[in-house]
Amino acid sequence: MEYSRPRRNGIVAINIIEGDSLVSAVQTNGSQDLIILTRAGMAIRFNESEIRPVGRSAQGVKGITLSGDDYVAGIVAVVNPQNTLLVVCENGYGKRTDLDAFRIIHRGGKGVISIKTSERNGYAVCIMEVVDDDELMMVTQFGILIRLPVRDIRTIGRVTQGVKMINLAEEDLVVDVERVPSEENGDDFEN
């Protein structure tokens, strides 16, 4: 209801303090688990019921505690716990992990390792829930775009480095990945 009357110059959706930035927004049903990923590969899973409703101009509540110069790379609202979680790093490595490898804890903690970031992998750039029939579109900072099937990415443990997903030119980095749902599943996952 608070967004039902937008003004010509927009409305404040959240109060962002200096030094912070909005990374992502996800639509939820009010009872989903959320998984927040940091660029250092840490992830925390908690139920959204732990987030109290606040007004549009509020700052919100802490989802994950960050270490040093780490920052949030993405968020997922879990649709089906039987699906897998995909994490991709800037040097073209990534992996799928079963969602049950991420235990539910309280928001505000440091989380657990979702992927080992290293000189080989680089930092984590994205997180998403995927199924075998999906495909991915990967984009690099040099404008290279590839499409690959999710089923070709093997499902492995949480505390691993992953597998090579794209061959990059020297100095190039993966900047974004997007899920392309299969025609059978449409935009939603099977529940």
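Visitor: Is Thr-97 buried or exposed?
Guide: In this predicted model, the relative accessibility of Thr-97 is 2%.

Visitor: Which backbone oxygen lies 3.3 Å from a polar atom of the Thr-97 side chain?
Guide: Thr-97 has its place in strand E5. Leaving aside neighbours within four places in sequence, its contacts include Thr-84, Leu-85, Phe-102 and Thr-155. The list also holds Gly-157, Arg-158 and the residue asked for. The backbone oxygen at 3.3 Å from the polar side-chain atom belongs to Ile-156.

Visitor: Over how many bridges do strands E4 and E5 pair?
Guide: Strand E4 covers residues 84-89 and strand E5 covers residues 93-98. Val-88 has Gly-94 in E5 as its bridge partner. The two strands pair in the antiparallel sense, and the number of bridges is five.

Visitor: Which strands stand at the edges of the sheet?
Guide: Four strands form an open, antiparallel sheet in the order E7-E4-E5-E10. Two of these strands have a single partner strand each, so one side of each is left without a neighbour in the sheet. These edge strands are E7 (124-130) and E10 (163-164).

Visitor: Over the ring of which residue does the charged end of Arg-120 sit?
Guide: The structure holds zero aromatic pairs. Arg-39 lies over the face of Tyr-123, at 3.8 Å from the ring centre. For Arg-120, the charged end is 3.9 Å from the centre of the ring, and that ring belongs to Tyr-93.

Definitions and conventions. Residues numbered from 1 in each chain as written. Predicted model: local features only at pLDDT ≥ 70, side-chain atom pairs only at ≥ 80, totals over all residues. Heavy atoms only, no water. Pairing = 2+ DSSP bridges. Phe/Tyr/Trp six-rings, centres within 6.5 Å; stacked < 30°, edge-to-face > 60°. Lys NZ or Arg CZ within 6 Å of the ring centre and 35° of its normal. Buried < 20%, exposed > 50% of the residue type's maximum accessible area, 1.4 Å probe, protein only. Polar contact = N/O pair within 3.5 Å; in protein donor to acceptor, adjacent residues only side chain to side chain. Contact = heavy atoms within 4.5 Å.
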